Amino acid sequence: MKLKSKENDFSEIGAITEDTCSLLGNLENSRLSFVRRGGNRVAHELARERFSLTADHIWLEEAPVRIEIFAAEDRRCSDPP
């Protein structure tokens with residue numbers, strides 16, 4: 001909602017919101033839409049996974065199994081057979 005708003009954002013993430021809107025403005029075709037947490041479980045689980053780690057990790061080819069399972073579920077929901 002902050003990204004779609006035309007009002008100035010003076011919150012702690014206001015600068016990030018402004019930069020994001022600026023970058024989106026440079027794209028030829030862009031669209032913002034709200035997705036509830038349940039609609040993008042992969043992003044939510046990745047955020048949770050990060051809090052359980054003691055150091056930074058980079059997954060190049062395979063994510064943790066739990067994340068792979070949620071990604072498969074997300075794909076099934078967005079592109080059913």
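Some ground rules. Residues are numbered from 1 along each chain as its sequence is written, and side-chain values use heavy atoms, with hydrogens and water left out. Because the model is predicted, local features need pLDDT of at least 70 and side-chain atom pairs count only at pLDDT 80 or more, while totals for chains, interfaces and linings use all residues.

Confidence next. pLDDT is the predictor's confidence in each residue, from 0 to 100. The mean here is 81, and 91% of residues reach 70 or more. Among the elements, helix α1 (residues 14-25) has the highest mean, 87. Helix α3 (residues 65-78) has the lowest, 80. Where pLDDT is low, the predicted coordinates should not be read in detail.

Now the layout. The protein has three helices and zero strands. Helices (H or I, at least four residues) and strands (E, at least two) are DSSP runs, numbered from the N terminus. The order is α-α-α. The radius of gyration, taken over C-alpha atoms, is 16 Å.

How much of the protein is buried? Of the 81 residues, 11%. Buried means under 20% relative accessible area, exposed over 50%, partly exposed in between (1.4 Å probe, protein chains only).

On to helix α2, residues 41-52. Twelve residues at 1.5 Å each should span 16 Å. That expected span is 1.5 Å times one less than the number of residues. The end C-alpha atoms are 17 Å apart, which agrees. Val42, Glu45 and Glu49 are buried in α2. They cover an arc of only 65° around the axis, so they sit on the same side of α2. The arc is that of the directions from the helix axis to the C-beta atoms. In general, an α-helix has 3.6 residues a turn, so residues three or four places apart point the same way.

Take Glu49 by itself. Its relative accessibility is 12%. Leaving aside neighbours within four places in sequence, Glu49 is in contact (heavy atoms within 4.5 Å) with Trp59, Pro64 and Arg66.

Last, Thr17, in helix α1. Thr17 is buried, at 9% relative accessible area. With neighbours within four places in sequence set aside, its contacts are Lys2, Leu3 and Asp9.

Technical notes. Rg over C-alpha atoms; globule rule 2.2 N^0.38 Å.
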